[in-house]
Amino acid sequence: MKTSRIFTAALLAAAGSAWAQPVQYLDLRTPRVALNARVTDRDLTSPDLQVGFSDGSLRGRAFGRPLNLTLDAARIRGIYGSGPVDLRMTQEEGALRAKGTFGGQLTDFQVTPQTFKGDVGRCSYQLKASEEGRYQGWRSCLAGLENPVSLSIPPAIGGDDARLVATLALILSR
């Protein structure tokens, strides 16, 4: 999809020498959450994440729950925890949009190289890209408004729309 190429180019420009480094990290920071996950072309790992990537799937455990997703160019289906996953991906005005359910929770978000906004499970996000290549802004969850929130997405994830959407839904839904 067109967004992947644009998104990857923006990430590479922001990351500079990220490809020269053997390890990349996905990083989420909020006043209540600090998540730093190691990312390779085959997996996403942290103390809370043991997720394997393969052609057309994400499988493993995340935050103590089983994860089994099938990915294609337009849809992500499967199970997260005990809830169904059914996300449809579309291109809308230069944004990659994901809409449906993730782990049984309603999800509707858009991502561009400049912004991430929308609802992921029980949280609503409004994030803008910074010069450092991170998304920054706020989120509102059941526990209330959280500010500041920052999210760093490595190029290893940003190059594939389905992998990007599945990973963001997984990380941001908690």
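Which residue forms a salt bridge with Asp-72? The partner is Arg-77, with the closest N and O atoms 3.5 Å apart. A salt bridge is defined here as a side-chain nitrogen of Lys or Arg within 4 Å of a carboxyl oxygen of Asp or Glu. The model is predicted, so local features need pLDDT of at least 70 and side-chain atom pairs count only at pLDDT 80 or more, while totals for chains, interfaces and linings use all residues. Residues are numbered from 1 along each chain as its sequence is written, and side-chain values use heavy atoms, with hydrogens and water left out.

Asp-72 is partly exposed, at a relative accessible area of 34%. Arg-77 is also partly exposed, at 36%. Buried denotes under 20% relative accessible area, exposed over 50%, and partly exposed in between (1.4 Å probe, protein chains only).

In total, the structure holds 8 salt bridges. One of them joins Asp-27 to Arg-134, with the closest N and O atoms 2.8 Å apart. Asp-27 lies in strand 1 (residues 24-29) and Arg-134 in the loop between strand 12 (123-129) and strand 13 (135-141), so the pair ties together parts that are 107 residues apart in sequence. Strands (E, at least two residues) are DSSP runs, numbered from the N terminus. Both Asp-27 and Arg-134 are buried. Asp-27 and Arg-134 also belong to a network of salt bridges that includes Arg-29.

A further salt bridge links the side chains of Glu-146 and Arg-139, at 3.3 Å from N to O. Glu-146 is buried, and Arg-139 is buried as well.

Note on methods:
Helix = DSSP H or I, 4+ residues; strand = E, 2+ residues; numbered from the N terminus.
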